[in-house]
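Let's take a walk through a protein model together. Keep the picture in view and look for each residue as we come to it.

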Amino acid sequence: MVSMCRQLGKGPGGFYRPSLKNGAKLNLWMMSLGKNWDPTARSYGPTRPFDGAQAPTILDAFKMIAQTANSIASEFPQINLDICIVNYYTNSGKLGLHQDKDESESSLTKGLPFISISIEDTAEFMFGDTRDQDQATKINLESGDVLILGGESRLLFHGISHVKTDTAPSWLKEETGLRPGRINLTFRQY
């Protein structure tokens, strides 16, 4: 997954540092697969507005891993994976509490899950019913962890408070030569 993310990230539609409406840059690097997500408009489309790049296709190997996780979590309906947001967090990376609610009304109404896969350094993941970080529950997501939010939990506020440096498995660092940080792939159905 790491080498495939690296290859896709260097090509057309690859990693970039997104901005919000107010011009502030997110503290991560992002790439959309399947459909492009525009954080300014909070919507999905075929191309990125700032450079016209098309979203690379979601690789079959990625789909297989996410679909396997989805089928193991049998309490959630199976989804038709047509979007994958890949975020790369440096050691100073973070993402404030937010809701993933830019998918179709049908997807949100049905509570279709999103499937999140963590690679490399551990991150403190926070979630809760509000945007209040002091009230949020915090757990560690380690390399290889899969998190699925769906049904009643689909619209929980969630985010990354910080990345814990030097926590990636040593074999992974040696094999991939990745810079310190964290990759997260989040799959969903529009």
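## A guided walk through the model

Before we start, remember that this is a predicted model. Our first stop is G159. Leaving aside its neighbours within four places in sequence, G159 is in contact with L95, G96, L97, H98, E124, F125 and M126. You can find G159 in strand β10, which covers residues 157-163. Is G159 buried or exposed? Its relative accessibility is 3%, and since buried means under 20%, G159 counts as buried. For a sense of scale, look across to K63: this residue is 96 residues from G159 along the chain, and 23 Å separates the two C-alpha atoms.

Now let's turn to charged side chains. How many salt bridges does the structure hold? There are five. One of them is formed by D100 and R188, whose closest N and O atoms are 3.2 Å apart.

Another salt bridge joins the side chains of R154 and E103, at 2.7 Å from N to O. R154 lies in the loop between β9 (146-149) and β10, while E103 lies in the loop between β5 and α3, so the pair ties together parts that are 51 residues apart in sequence. R154 counts as buried at 1% relative accessibility, and E103 counts as buried at 6%.

R188 also forms a salt bridge with E103, where the closest N and O atoms are 3.2 Å apart. Here strand β11, which holds R188, is linked to the loop between β5 and α3, which holds E103, and the two residues are 85 residues apart. Through shared partners, salt bridges join D100, E103, R154 and R188 into one network. R188 has one more thing to show you: its charged end sits over the ring of F114, 5.6 Å from the ring centre.

Our last stop is the aromatic rings. The count comes to three aromatic pairs. In one of them, Y44 and Y190 have ring centres 5.8 Å apart and planes at 80 degrees, so the pair is edge-to-face. Y44 sits in strand β3 (residues 43-45) and Y190 in the segment after β11 (182-188), which puts the partners 146 residues apart. Y44 is buried, at 14% relative accessible area, whereas Y190 counts as partly exposed, at 35%.

Definitions and conventions:
Residues are numbered from 1 along each chain as its sequence is written. This is a predicted model: local features need pLDDT of at least 70, side-chain atom pairs count only at pLDDT 80 or more; totals for chains, interfaces and linings use all residues. Side-chain values use heavy atoms; hydrogens and water are left out. Helices (H or I, at least four residues) and strands (E, at least two) are DSSP runs, numbered from the N terminus. Buried means under 20% relative accessible area, exposed over 50%, partly exposed in between (1.4 Å probe, protein chains only). Contact means heavy atoms within 4.5 Å. Rings of Phe, Tyr and Trp (its six-membered ring) pair if their centres lie within 6.5 Å; planes under 30 degrees apart count as stacked, over 60 as edge-to-face and the rest as tilted. A charge sits over a ring if NZ of Lys or CZ of Arg is within 6 Å of the ring centre and within 35 degrees of the ring normal. A salt bridge is a side-chain nitrogen of Lys or Arg within 4 Å of a carboxyl oxygen of Asp or Glu.
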